Amino acid sequence: MDDEPLSEWAKRRDAKVGRLRAVHLTAGEGDPRGFHVNPDAPRIIQRWNGHLWEPYAFASDLAEAKRVLYATDETEAADPPAPGPAPRLGTGTGRHRKPRPPRPDPR
């Protein structure tokens, strides 16, 4: 059989328990995929308990919701990365770069 063992599935499911998401509080905007839409609208922070999303906290706007969702440990906040020069991009046409227009023949 191509099925995975139940223990591996349970381990993967349990790893997702405790995840948070923000959902619009206003009617008709409950789709969590539109997180960035209407940044001044209040949000409900929901926590995944392994079976369903349950209410966890309330945020008055997008900025407060992000503080709850992306909170870090105090140790990380006390030691921010040192600022340095921005990395230079090399020459070439990587997949993320726009293709250059064809150059005229120099003859």
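Figure 1. Strands are DSSP runs of E of at least two residues and helices are runs of H or I of at least four, numbered from the N terminus. The model is predicted: local features require pLDDT of at least 70 and side-chain atom pairs count only at pLDDT 80 or more, whereas totals for chains, interfaces and linings use all residues. Residues are numbered from 1 along each chain as its sequence is written, and side-chain values use heavy atoms, with hydrogens and water left out. R43 counts as buried because its relative accessibility is 1%; buried denotes under 20% relative accessible area, exposed over 50%, and partly exposed the range in between (1.4 Å probe, protein chains only). A polar contact of 3.3 Å links the side chain of R43 to that of H24. Such a contact is a pair of N or O atoms within 3.5 Å; within protein, one must be able to donate a hydrogen and the other to accept it, and residues adjacent in sequence count only if both atoms are side-chain atoms. A polar atom of the R43 side chain also lies 2.7 Å from the backbone oxygen of A41.

**Figure 2. H24 in strand β1.** With a relative accessibility of 9%, H24 counts as buried. R43 in turn has A59 of β3 as a bridge partner.

**Figure 3. The open sheet of three strands, in the order β1-β2-β3.** Pairing in this sheet is antiparallel; two strands pair if DSSP finds at least two bridges between them. Strands β1 (20–24) and β3 are the edge strands, each pairing on one side only. On average, neighbouring strands of the sheet are turned by 35 degrees against each other, direction ignored; axes are lines fitted to C-alpha atoms (for helices, over the stretch in contact), and angles run from 0 to 180 degrees between N-to-C directions. Five bridges join β1 to β2, and L20 has R47 as its bridge partner in β2.

**Figure 4. The hairpin formed by β2 and β3.** Strand β2 (residues 43–48) runs antiparallel to β3 and is joined to that strand by six bridges. Four residues separate the two strands, and G50 in the turn has a positive phi of about 105 degrees. Along the pairing, Q46 has P55 of β3 as its bridge partner, while I44 stands opposite F58 in β3.

**Figure 5. Y56 in strand β3 (residues 53–59).** Beyond its neighbours within four places in sequence, Y56 is in contact with L20, I45, Q46 and R47, contact meaning heavy atoms within 4.5 Å. The C-alpha atoms of Y56 and I45 are 5.4 Å apart, with the two residues 11 apart in sequence.

**Figure 6. The buried residues of helix α2 (residues 62–69).** L62, A65 and L69 are the buried positions in question. They lie on the same side of α2 because they cover an arc of only 60 degrees around the axis; the arc is that of the directions from the helix axis to the C-beta atoms. An α-helix has 3.6 residues a turn, so residues three or four places apart point the same way. The buried residues of α2 pack against β1, β2 and β3.

**Figure 7. G34 in the loop between β1 and β2.** G34 counts as buried, its relative accessibility being 16%. A separation of 9.6 Å, C-alpha to C-alpha, lies between G34 and A22, which are 12 residues apart in sequence.

**Figure 8. Context of the close-up views within the protein chain, which has three helices and three strands.** Read along the sequence, these elements follow the pattern α-β-β-β-α-α. Of the 107 residues, 13% are buried. Among contacts between residues at least 6 apart in sequence, 32% join residues at least 24 apart. The accessible surface comes to about 9,500 Å², and 55% of this area belongs to carbon and sulfur atoms. Accessible areas come from the Shrake-Rupley method with a 1.4 Å probe; for residues, only the protein chains shown count as cover.
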